[in-house]
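Subject: Structure handover

Hello,

Here is the structure I said I would pass on. Please look at it first, then read the notes below it.

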Amino acid sequence: MNMLFKTAGLLLLLSISSLHLPTTAACAESKKYKRSVERYTMPDVVLTNQDGKKVRLTALVNSDQPVVVDFIYATCTTICPVLSVSYTNLQNRLKDSARKPKLISITIDPENDTPRIMKDYLKRYNAKPGWDFLTGSRGDIDLVMKAFNAYIPDKMSHYPLNLIRSPKDGTWVRLFGILSSREFVDEYSQLVSK
């Protein structure tokens, strides 16, 4: 019986002391994202949207409304669905707002993401007007990724990144990591309210 109390006491002591131990980097980072404010210069490339329409990236981005950009691909089963659900939630949350964002997803798999595939992808996420999925030549997509300091040489090693452009001064809020829907909406709202 005495041994049982000692064991229980030791377990209690260990569990209390573990409350004060720092979390591992992996656990800490899984719940956090990095935020910075950046300036980017867009390459003057013409890309193709989900409707097969040619669009000039600079015309889409240099807008009087907030712009949100991410890099995804249609067959992704890891990060891309999470990013796309955030776009869906942002559209739903701001559907009655006067400051609706222009959402732009740029494929990192232009060899496979055709307009038809991108349109089907957007349908899966109940995308509303104002969300474009863009593709182009490998060279043009690489230029765009490099312009955003987001070059991904292999789609299998891509990472979660959202970029929000302020229409007031043209700066970009760079959000690196997985955000909750609430954090994403809060970041957007904070930028728009400035």
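Helix 4 covers residues 79-93, and its 15 residues should span 21 Å at 1.5 Å a residue, which agrees with its end C-alpha atoms being 21 Å apart. The expected span is 1.5 Å times one less than the number of residues. Helices here are DSSP runs of H or I with at least four residues, strands are runs of E with at least two, and both are numbered from the N terminus.

This is a predicted model, in which local features need pLDDT of at least 70 and side-chain atom pairs count only at pLDDT 80 or more, while totals for chains, interfaces and linings use all residues. Residues are numbered from 1 along each chain as its sequence is written, and side-chain values use heavy atoms, with hydrogens and water left out.

Which residues of helix 4 are buried? They are Ile79, Cys80, Pro81, Leu83, Ser84, Ser86, Tyr87, Thr88, Leu90 and Gln91. Buried means under 20% relative accessible area, exposed means over 50%, and partly exposed lies in between (1.4 Å probe, protein chains only). The buried residues of helix 4 pack against strand 4, strand 5 (102-107), helix 5 (115-124), strand 6, strand 7 and helix 7.

Cys80 has a relative accessible area of 0%, so Cys80 is buried. Cys76 also counts as buried, because its relative accessibility is 6%. A disulfide is taken as a pair of cysteine sulfur atoms within 2.5 Å, and by this rule the count is zero.

Now the sheet. The protein chain has seven helices and eight strands. Six strands form an open sheet in the order 1-8-7-4-5-6, with mixed pairing. Its edge strands, strand 1 (34-38) and strand 6 (131-134), each pair on one side only. Two strands pair if DSSP finds at least two bridges between them.

Strand 4 and strand 5 are parallel and share six bridges; Ile72 has Thr107 in strand 5 as its bridge partner. Strand 7 (residues 161-165) and strand 8 (residues 172-176) run antiparallel and are joined by five bridges. Arg165 stands opposite Trp172 in strand 8.

How many residues of strand 4 are buried? Six of its six are. Val67, Val69 and Phe71 point one way, while Val68, Asp70 and Ile72 point the other way. In a regular strand the side chains alternate between the two faces of the sheet.

Helix 7 (residues 181-193) lies across strand 1, strand 4 (67-72), strand 7 and strand 8, at about 20 degrees to strand 7. Axes are lines fitted to C-alpha atoms, for helices over the stretch in contact, and angles run from 0 to 180 degrees between N-to-C directions.

Leu60 is buried because its relative accessible area is 12%. Leaving aside neighbours within four places in sequence, Leu60 is in contact (heavy atoms within 4.5 Å) with Val55, Val67, Lys102, Ile104, Asp132 and Leu134. Leu60 and Asp132 are 72 residues apart along the chain, and their C-alpha atoms are separated by 9.6 Å.

For the chain as a whole, buried residues make up 44% of the 194 residues. Of the contacts with a separation of 6 or more, 73% are between residues 24 or more positions apart.

Regards
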